[in-house]
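Please work through the exercises below with the sequence and the coordinates open beside you, and try each task before reading its solution.

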Amino acid sequence: MNSVLAFTIIMLVWTVSDYISKKTKSLLSTLLIASLIFLIGFKTNLFPEDLLPSSSLLALGTTVVGFILVHLGTTISLKEFKQQWRTFLIGVAATLGIVAALLLVGPLFEDQSYAIAAIGAISGGTISIIMVQDAAIAAGLLSVAVLPVLISAFQGLIGFPLTSLILRKEANRLHQEYQKNPDAFAGAEQVEETEPKKTRLPELFHTTAGTLFVVGVTVLLATLVNNLTNGMINTFILCLLFGIALRELNLFKPNILNGIDAYGLMMLAILIIIFGPLATISIHDLIELILPLTLSFLVGVTGNVLFAAIAGKFLGYSLSMSIAIGLTSLYGFPGTMILSQEAAKSINGTPEEIALIEGQILPKMVIAGFSTVTITSVFITGILVNLIG
């Protein structure tokens, strides 16, 4: 297929998907709409099987996965995690709940490889899905590679409304507590917003090309360590760790790729990767995935909620806040921010009270999203993918 035509079609699909998502306030995610369009397009032969590779976006996405992981590492502030350490631990517990539930109960109704694929999708985001797909495709398991795509497409439909209801309950609880005692939240944990420091890197590397160079070197170092350890330390995990460390050392600025000319296209190329298996899977195989898809959600989310609730109980969080923290694994940022703001605005209070409630919920939800989707899921998925096959 002509490369320009393929690229243009994909941009149209993404434009339409993004528009519908915004109109539905993210209830129907961009990923869900795009998945349906691509699936229908491939199965009706409206789109040729070589649409994605012809666009060159697959090649770009494969190249820049490590870059995005380094970038994600630089979004993480260890100071903020220290301030919200209880939130972080609840997020970790929730992710472990997904793992425990699917590894223990999953094999009762599906192959272990499906359970691992479900863990990567339910507990994490695009990077975890790509890690699962790479291992599944290498093992010749196409349906296993498709399962996390379907899970991720429907996560928002489950996560957003469920979390919205729970967070509104938490907001009302906090509002009632504040009305009884206006000093109840004095001295509470808050994530401090500070101006980003100037990095130690020479100005030469502050341009788009310079930034991509230093991030590329970091990815190469991660790949080298992975090769030296015969893959025992996963490249993706190392990219994330290097990003965190280099931010703390003030060599990389926070959110290092934000603002550079190539970032938007890189992110789109990463997302396009996960649609690849949809082009070749059969309708019969898709139908057979309905049961694993449904049960994976049921079992995985149950484990998530149970472990989050138990951890929250021990750490002094309310039941509603604990469950909301665990459910961030279903969507991550910016859903964590949007739902927190909407919950705060749902109370019948003054602007000052709304701001106060948001200040109690938002920092926890943002840190929770990093804890579940960005950190814990990538580490756990990086370990478990070796068992696929």
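The exercises that follow concern a predicted model, and each task is followed by a worked solution.

**Exercise 1. Confidence.** Determine which helix of the protein chain has the lowest mean pLDDT and which the highest.

*Solution.* Begin with the chain as a whole, which averages a pLDDT of 86, with 95% of the residues scoring at least 70. Among the elements, helix α16 (residues 335-345) has the lowest mean, 82, whereas helix α15 (residues 319-327) has the highest, 95. Then turn to residues 189-195, where the pLDDT is below 50, although this stretch has 18 contacts in the model beyond near neighbours in sequence. Where pLDDT is low, the predicted coordinates should not be read in detail.

**Exercise 2. Helix packing.** Describe how α7 and α8 pack, giving the angle and the distance between their axes.

*Solution.* Helix α7 (residues 112-123) packs with α8 at an angle of about 160°, and their axes are 7 Å apart. Because angles over 145 degrees count as roughly antiparallel, α7 is roughly antiparallel to α8. Their crossing is left-handed. At the contact, I116, A117, G120 and A121 of α7 meet S128, I129 and V132 of α8; by class, five of these residues are nonpolar, two are polar and none is charged.

**Exercise 3. Burial.** Decide whether S143 is buried or exposed, and list its contacts beyond neighbours within four places in sequence.

*Solution.* S143 belongs to helix α9 (residues 142-180). Its relative accessibility is 17%, and since the cut-off for buried is under 20%, S143 counts as buried. Leaving aside neighbours within four places in sequence, S143 contacts Y114, I281 and L289.

Technical notes: Residues are numbered from 1 along each chain as its sequence is written. This is a predicted model: local features need pLDDT of at least 70, side-chain atom pairs count only at pLDDT 80 or more; totals for chains, interfaces and linings use all residues. Side-chain values use heavy atoms; hydrogens and water are left out. Helices (H or I, at least four residues) and strands (E, at least two) are DSSP runs, numbered from the N terminus. Buried means under 20% relative accessible area, exposed over 50%, partly exposed in between (1.4 Å probe, protein chains only). Contact means heavy atoms within 4.5 Å. pLDDT is the predictor's confidence in each residue, from 0 to 100. Axes are lines fitted to C-alpha atoms, for helices over the stretch in contact, and angles run from 0 to 180 degrees between N-to-C directions. Angles under 35 degrees count as roughly parallel, over 145 as roughly antiparallel, 65 to 115 as roughly perpendicular and the rest as oblique. A crossing is left-handed if the near helix is turned anticlockwise from the far one by less than a right angle, and right-handed if clockwise. Ala, Val, Leu, Ile, Met, Phe, Trp, Tyr, Cys and Pro count as nonpolar, Asp, Glu, Lys and Arg as charged, and the others, Gly among them, as polar.
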